[in-house]
Amino acid sequence: MVAAMHVTHLSLRDFRNYERLDLKLEPGVTLLYGPNAAGKTTVLEAIYFLATTRSPRAGADRELVRFEAQGDIGVPPFARLVCDVARADGRVRLEVVVQRRADEEAATGTAPTIKTVRVDRKAVRALDLVGNLRVVLFTPADIALVTGAPSERRRYLDVTLSQIDGRYVRTLAHYQKVVQQRNSLLRAWREGRRPLRYADDELAFWDRELSMAGTYLLHERLLAVVDLNALAGPLYCQMSGGDTPLALAYQSSVAGIDPAGDSRAIEQAFLAHLVRLRDDEIGRGQTLIGPHRDDLLIAVGGIPIGTYGSRGQQRSATLALKLGEAELMRIRTGDAPVLLLDDLLSELDTERRAHVQGVLERPDQQTIVTATGTDDFDLHFLKRACRWRVESGHLYPT
């Protein structure tokens with residue numbers, strides 16, 4: 001039986017426009033409604049941040065600390081986020097503190113913030129927090145998942161798989177460091193700062209590291225795309241009212257791999273392609289293949305929906321991918337993730353709204369929805385939802 005992972009309590013201090021917030025949350029559906037810029041989306045952002053240690057909106061963590069926040073004597077201003085999570089295997093408390101550095105420290109060029117992460121009051125690495133709370137976030141800006149750059153689709157796969165499996169997020173972090181180190185070497189050869197005669201020997205180690213970590217990431221993404229096809233394809237049909245499913249295809253930058261092949265075959269293809277690209281990579285000073293250069297192709301009836309789909313098709317595809325992501329987490333972990341849905345119904349027609357509201361009311365799932373008002377929701381939904389009116393950083397039960 002699938003358990004309902006859910007946030008039972010959220011506490012914020014000096015986060016965005018909230019000076020203080022202590023919010024008790026129920027395991028079912030919660031509706032936050034109120035005018036724009038009141039603080040509805042900030043609640044979703046806080047929960048997402050506690051699940052992933054990253055903000056879906058901020059360009060830098062410094063932006064998360066309330067502008068008017070005052071530090072204590074000798075202590076710069078900071079934002080503190082805490083949540084209690086009920087899971088099938090017990091309860092856990094997650095905490096992240098983001099502290100601005102003192103002005104003189106920031107002026108030296110060091111990172112502008114210090115981030116402290118705790119799980120059950122014990123300090124841990126940010127990587128070790130990921131997966132303790134699993135969430136799926138949908139915002140109006142997520143249509144870029146379909147219409148935007150390949151990096152948006154890579155991030156979609158990485159965030160999903162990192163929350164499912166701790167090995168994935170650790171391997172991803174290692175892979176990104178290897179790419180940075182390898183690129184640094186390639187640039188040194190391109191700029192003549194290192195003798196080229198040693199290039200093959202020096203790159204041999206980094207090629208092995210890149211191919212081993214990259215093969216694992218690539219294999220996991222390929223498996224996930226197979227599962228997402230089976231999950232998101234039918235969801236798209238239900239929401240679009242058509243009978244042509246959404247189809248996903250993983251586009252790897254590594255030539256010669258078999259999508260159904262085993263890890264050893266993928267690794268061999270990876271290494272062989274690196275050898276063929278050696279001169280080109282040195283000439284350009286960057287690593288040209290690997291998971292960091294891949295894409296996820298999204299089509300309906302063989303037509304790329306990001307380029308040729310209507311706005312309604314693109315929004316339905318985005319929502320199908322997000323709900324497919326939630327179902328993939330549910331199947332693989334045995335825990336239903338928390339759904340965070342920001343301004344969900346604003347651009348959906350009546351038929352799609354009815355379908356989405358049915359999905360939201362699953363009894364074994366915590367869902368937190370934001371809206372500017374309650375008019376778009378049917379009476380049955382409103383009766384079952386726990387409702388809060390949000391005004392200027394304050395929540396009022398209704």
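Are F377 and F381 buried or exposed, and what does the word mean here? F377 is buried and F381 is buried too. Buried means under 20% relative accessible area, exposed means over 50%, and partly exposed is what lies in between, with a 1.4 Å probe and protein chains only.

Before I go on, a word on the model. It is a predicted one, where local features need pLDDT of at least 70 and side-chain atom pairs count only at pLDDT 80 or more, while totals for chains, interfaces and linings use all residues. Residues are numbered from 1 along each chain as its sequence is written, and side-chain values use heavy atoms, with hydrogens and water left out.

I start with aromatic rings. A pair of aromatic rings is described by the distance of the centres and the angle of the planes. Rings of Phe, Tyr and Trp (its six-membered ring) pair if their centres lie within 6.5 Å; planes under 30 degrees apart count as stacked, over 60 as edge-to-face and the rest as tilted. The structure has 3 aromatic pairs. One of them joins Y168 and Y216, with 6.3 Å centre to centre and 45 degrees between the planes, and this pair is tilted. Y168 belongs to helix 6 (residues 166–190) and Y216 to helix 7 (residues 199–240), so the pair ties together parts that are 48 residues apart in sequence. Helices here are DSSP runs (H or I, at least four residues), strands are too (E, at least two), and both are numbered from the N terminus. Y168 is buried at a relative accessible area of 1%, and Y216 also counts as buried, at 10%. Back to the two residues I opened with: the ring centres of F377 and F381 are 4.8 Å apart and the planes are at 15 degrees, so this pair is stacked.

Next, helices against helices. Axes are lines fitted to C-alpha atoms, for helices over the stretch in contact, and angles run from 0 to 180 degrees between N-to-C directions. Helix 5 (residues 150–164) packs with helix 11 (residues 311–333) at an angle of about 20 degrees, and their axes are 10 Å apart. The two are therefore roughly parallel. For the cut-offs, under 35 degrees is roughly parallel, over 145 roughly antiparallel, 65 to 115 roughly perpendicular, and the rest oblique. The crossing of helix 5 and helix 11 is right-handed. A crossing is left-handed if the near helix is turned anticlockwise from the far one by less than a right angle, and right-handed if clockwise.

Which residues of helix 5 make the contact with helix 11? They are Y156, T160, L161, Q163 and I164, and they meet L321, E325, L328, M329, R332 and T333 of helix 11. Contact means heavy atoms within 4.5 Å. By class, the contact has 6 nonpolar, 3 polar and 2 charged residues. Ala, Val, Leu, Ile, Met, Phe, Trp, Tyr, Cys and Pro count as nonpolar, Asp, Glu, Lys and Arg as charged, and the others, Gly among them, as polar.

Helix 11 also meets helix 7. Their axes come within 8 Å and cross at roughly 125 degrees, which makes helix 7 oblique to helix 11. This crossing is right-handed. The contact of helix 7 with helix 11 has 15 nonpolar, 3 polar and 5 charged residues.

Now some single residues, beginning with the backbone. Most residues other than glycine have a negative phi. D14 has a positive phi, near 50 degrees. D14 sits in strand 2 (residues 6–15) and is buried, at a relative accessible area of 5%. R121 is not a glycine either, and its phi is positive at about 70 degrees. R121 lies in the loop between strand 7 (113–119) and strand 8 (122–123), where it is exposed at 62%.

T30 is in strand 4 (residues 29–33) and is buried, with a relative accessible area of 0%. Setting aside residues up to four places away in sequence, T30 touches L25, T367, I368, V369, C386 and W388.

Where is A249? A249 is in strand 10 (residues 246–251) and counts as partly exposed, at 37% relative accessibility. A249 and L297 are 48 residues apart in sequence, yet their C-alpha atoms are 5.0 Å apart. Beyond neighbours within four places, A249 is in contact with V225, D295, L296 and L297.

Last, G241 lies in the loop between helix 7 and strand 10 and is exposed, at 55%. Its C-alpha atom is separated by 8.5 Å from that of R352, 111 residues away along the chain.
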